[in-house]
Amino acid sequence: MNFPLTPSDISLWIAVTAIILLVTSELMGSYSDYFGDFVIEKTRLRLVALILGAAFMVTVVLRIVMP
Amino acid sequence: MKSSENREKPNKNNNESEKKQEPVTIQYLMKTLQQLQSEHEVLKREMVKSRRIPSGRIGFAFLVIGGATLAGSVVTSSSILAFIGLGLTFWGALFLFARPVRFVKSSLLDSTALSTYTTVDRIVSDLGYKAKSIYIPPYPKEAYLPEYMKGLKEMIVFIPAEDSATMPTLEEMAKKQFLLKNPKGICITPPGFGLSSVIENELRARIPQIARALTTERLFESLPRVMTSNLELAKNFEIKPENEVTHVRITGSVYSNLYSREQGLKSVHFLGCPLASAIACILAKATGKLITIAKDNVSYDLQTIDVWYQTLEA
């Protein structure tokens, strides 16, 4: 009955998700003509993407400090 | 005689055949009409579906399934299930978080603003005034003014009776009068006043320097981003200072339909649409000078609106 993922697994998952979200939010910001009709809070999406990116960086720092 | 009989015969035949064809044509038309109506209904339903605001059901479904999968992964110690559960839970939460609170169709915005412009059109044509507007900057809210002068803290737009009219005195403006006698004209609240407050709040929230002081340089830098990315009032927004004139180009404005020929509004050109009017209000506040809409130009497809604001000396 243990959680099957290790911290490195979670770090990898955060990295992949952060990349997907960052690319999406960046594309939405740059190509507003194509994504203009998307009914979504773009600022919140960007915020989540940045938070996940920062979370990944934190996991990297933790692995350097405490290998 | 024979020849005339011969001529009549084909005519009769033609009429008979036409009479026979008529019910067939009507039947065919009726069938086509029914078919088109049913197609129209189907298309209408599809359009309503596509325009519907996401209800959040997908988000909730993802959250529930993700949570169950995560619990299952703990029980079975399966890392694959854990990844799937994490992903579903995260995307479910994201869908709920990034869901828009409320969206209003831009056509509704036009219809709400229409009555204001129609009223101004009627007033101006009835009084026979020249189509010109002067945006008068208000006193800052923090500034101390005696009770009888507090009307000066409100943003107003002055529509003079003549082109070469002088400006109303402070006392007259402070009285909050609608009809002014010397100089002749009317004072109204700008149609973009409410919108200008929203834009200013957004500017102050995003740019800390503007919160301290609203200057033209900072305004020209940050206004395009606020208009396009933050408030999404236009697809593209350019603002350029040209000596005493400020040129603004708005592409894909939410208020562009107000400029259509079908509406036939005159006041929208000299007062500006709510967006153009809001910019005039902000410019007047930032410069502390009188602002007038010197000229405007709207593209044939209503997608691009050019407005030239002129700064006047009081």
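Me: In which sense does helix 2 of chain B pass helix 3 of chain B?

Reply: The crossing is left-handed. As with everything below, this is read from a predicted model.

Me: What makes helix 2 of chain B roughly antiparallel to helix 3 of chain B?

Reply: Their axes cross at roughly 155 degrees and come within 7 Å. Angles over 145 degrees count as roughly antiparallel, so the pair of helix 2 and helix 3 of chain B falls in that class.

Me: How do you know that the length of helix 3 of chain B agrees with its number of residues?

Reply: Helix 3 of chain B has 19 residues, which at 1.5 Å a residue should span 27 Å. The C-alpha atoms at its ends are 27 Å apart, so the two values agree.

Me: Which residues of helix 3 of chain B are called buried, and what do they pack against?

Reply: The buried residues are B:Ala82, B:Phe83, B:Gly85, B:Leu86, B:Leu88, B:Gly92 and B:Leu94. Each has 20 or more other C-beta atoms within 10 Å of its own, because that is the condition for the word. They pack against helix 2 of chain B, together with helix 1 and helix 3 of chain A.

Me: What covers the buried residues of helix 1 of chain A?

Reply: The cover includes helix 3 (42-65) of chain A and helix 3 (79-97) of chain B. The residues concerned in helix 1 are A:Ile14, A:Thr17, A:Ala18, A:Leu21 and A:Ser25.

Me: How is the packing of helix 1 of chain A on helix 3 of chain A described?

Reply: Two packed helices are described by the angle between their axes and the distance between the axes. Here the angle is about 145 degrees and the axes are 8 Å apart. Helix 1 of chain A passes helix 3 of chain A in a left-handed crossing. Among the residues that meet are A:Ile14, A:Leu21 and A:Met28 on helix 1, and A:Leu45, A:Leu52 and A:Phe56 on helix 3.

Me: How does the reach of helix 1 of chain A compare with the expected value?

Reply: Helix 1 of chain A covers residues 7-30, 24 residues in all, and reaches 34 Å from first to last C-alpha. The expected figure at 1.5 Å a residue is 34 Å, and the reach is close to that.

Me: Where does A:Met1 lie, and is it buried or exposed?

Reply: A:Met1 lies in the segment before helix 1 of chain A. It has 6 other C-beta atoms within 10 Å. The cut-off for exposed is 12 or fewer, so A:Met1 is exposed. Leaving aside neighbours within four places in sequence, A:Met1 is in contact with B:Val74 and B:Val75.

Me: Why is B:Ser77 called exposed?

Reply: B:Ser77 has 12 C-beta neighbours inside 10 Å. Exposed means 12 or fewer, and therefore B:Ser77 counts as exposed. The residue is found in the loop between helix 2 (57-76) and helix 3 of chain B.

Me: Why is B:Leu302 called partly exposed?

Reply: The count for B:Leu302 is 16 other C-beta atoms within 10 Å. B:Leu302 lies in the loop between strand 7 (290-298) and strand 8 (304-312) of chain B. Phi is near 65 degrees, a positive value in a residue other than glycine.

Me: How do you know that strand 7 of chain B pairs with strand 8 of chain B?

Reply: Pairing requires at least two bridges. Eight bridges join strand 7 of chain B to strand 8 of chain B, and the two run antiparallel. B:Leu290 stands opposite B:Leu312 in strand 8.

Me: How many bridges join strand 5 of chain B to strand 6 of chain B?

Reply: There are seven, between residues 236-242 and residues 245-251, and the strands run antiparallel. B:Phe237 has B:Ile250 in strand 6 as its bridge partner. Two residues lie between the strands of this hairpin, where B:Asn243 takes a positive phi near 55 degrees.

Me: In what order do the eight strands of the open sheet in chain B lie?

Reply: The order is 3-4-2-1-7-8-6-5, with antiparallel pairing.

Me: What makes strand 3 and strand 5 of chain B edge strands?

Reply: Strand 3 (179-180) and strand 5 of chain B each pair on one side only.

Note on methods:
Residues are numbered from 1 along each chain as its sequence is written. Chains are lettered from A and ligands numbered from 1 in the order in which they are written. This is a predicted model: local features need pLDDT of at least 70, side-chain atom pairs count only at pLDDT 80 or more; totals for chains, interfaces and linings use all residues. Helices (H or I, at least four residues) and strands (E, at least two) are DSSP runs, numbered from the N terminus. The expected span of a helix is 1.5 Å times one less than its number of residues. Two residues are in contact if their C-beta atoms, placed from the backbone, lie within 7 Å. Axes are lines fitted to C-alpha atoms, for helices over the stretch in contact, and angles run from 0 to 180 degrees between N-to-C directions. Angles under 35 degrees count as roughly parallel, over 145 as roughly antiparallel, 65 to 115 as roughly perpendicular and the rest as oblique. A crossing is left-handed if the near helix is turned anticlockwise from the far one by less than a right angle, and right-handed if clockwise.
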